[in-house]
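Hi,

Here is the structure I promised to pass on.

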Amino acid sequence: MESLWIKPEELDKAVTLLEEGELVAFPTETVYGLGADAKNDQAVQKIYQAKGRPSDNPLIVHIYSVDQVYDFSSRIPSRAQDLLNAFWPGPLTIILNHDQETAAPTVTSGQDSIGIRMPSHPLARDLLKVSGLALAAPSANLSGRPSPTSADHVWHDLSGRIAGVLDGGPTGLGLESTVVDFTNPDQPAILRPGGLAREDIERVIGPVQDKTQSKSGDKGPKAPGMKYRHYSPDQPVYIVDNNWTEAIDKCLKSGEKIGILASDDIIENYGNQVYDVFSLGGPKDVDRACQVLYKGLRYFDDSPVTLILAQSYAKSGLGWAYMNRLEKAASQ
């Protein structure tokens with residue numbers, strides 16, 4: 001398949017491809033998504049084929065208006081409604097009981113729940129509005145790879161596997177949406193931390209549970225990013241809490257070509273001892289670290305480094321989401 005590179009002013013090309021049951025990657029405020037008509041099961045199946053995605057890993061449906069939620073679930077619990085009012089459009093996914101059974105079966109991986117979100121990226125909103133479609137859209141990368149934050153990343157992974165890539169420039173947040181489960185309305189739970197901090201959620205609806213580890217037995221995960229190894233670059237990644245001297249010495253003695261993924265102060269102190277570096281930004285700029293984490297992991301794909309040492313952050317605010325992704329990418 002020959003993939004099309006689609007400019008924003010050529011939006012009608014992307015709409016036509018989606019209407020024909022093809023796959024189109026498009027930008028959101030978090031990462032690039034790989035879209036298909038959420039009610040067309042043949043189209044949705046192509047997502048799993050293109051990505052090499054496990055069949056029990058459900059997809060998130062992207063919508064333009066709140067009214068579209070009722071195409072997939074008969075009601076929005078009151079606390080979920082409070083969150084939508086506060087944070088939609090934005091990096092929030094809600095999991096609801098899928099009692100309308102209108103989504104393609106492949107979207108939910110056979111489960112009785114469904115994830116829905118309303119992206120805020122202007123080009124994504126234009127695509128959803130003009131097409132009139134709800135789009136099932138996981139991240140637009142090969143399964144297990146770092147998520148794409150630019151059209152170039154998508155092209156690297158999926159050119160020849162999908163119909164088109166709608167180029168909206170670099171994404172803003174850099175990490176996927178936060179997923180909150182409302183299938184038990186009295187006990188909302190975060191299934192995946194992301195671009196919306198837990199503290200912000202709890203300011204609106206009160207305490208939420210942490211269910212970021214899948215415990216569903218033989219069932220598949222309720223949300224993406226829970227069960228399988230994700231976000232991994234070509235080289236092994238090791239997380240360094242603070243003892244950089246020890247970590248670097250150990251790797252050098254093993255003959256490794258080290259890449260450092262860290263803040264500017266770490267790079268200033270240790271960059272001359274290693275083969276290559278990528279900056280996460282200022283020493284305490286967690287927002288910036290989240291924004292460029294996937295870009296940094298992908299940066300070393302084109303470097304001869306044999307191992308990546310990556311900086312840890314405190315698991316508070318967006319640091320929780322950063323560490324969730326880094327720990328899934330890491331070997332140790």
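This is a predicted model: local features need pLDDT of at least 70, side-chain atom pairs count only at pLDDT 80 or more; totals for chains, interfaces and linings use all residues.

Residues are numbered from 1 along each chain as its sequence is written, and side-chain values use heavy atoms, with hydrogens and water left out.

Now the sheet. Four strands form an open sheet in the order E12-E15-E13-E14, with parallel pairing (strands are DSSP runs of E, at least two residues, and helices runs of H or I, at least four, numbered from the N terminus; a pair needs at least two DSSP bridges). At the edges sit E12 (237-240) and E14 (276-279), each pairing on one side only. E13 (residues 258-262) joins E14 through four bridges, in the parallel sense, and Ala 262 has Ser 279 of E14 as its bridge partner.

Helix H10 (residues 286-299) lies across E12, E13 and E14, at about 165° to E14 (angles run from 0 to 180 degrees between N-to-C directions of axes fitted to C-alpha atoms, for helices over the stretch in contact).

Then there's E6 (residues 113-117). Five of its five residues are buried, so E6 is largely enclosed by the rest of the structure (buried means under 20% relative accessible area, with a 1.4 Å probe and protein chains only). Ser 113, Gly 115 and Arg 117 point one way, Ile 114 and Ile 116 the other. E4 (residues 60-62) pairs with E6 in parallel over three bridges, whereas E5 (residues 92-97) runs antiparallel to E6, with five bridges.

Cheers

Methods: Contact means heavy atoms within 4.5 Å. Buried means under 20% relative accessible area, exposed over 50%, partly exposed in between (1.4 Å probe, protein chains only).
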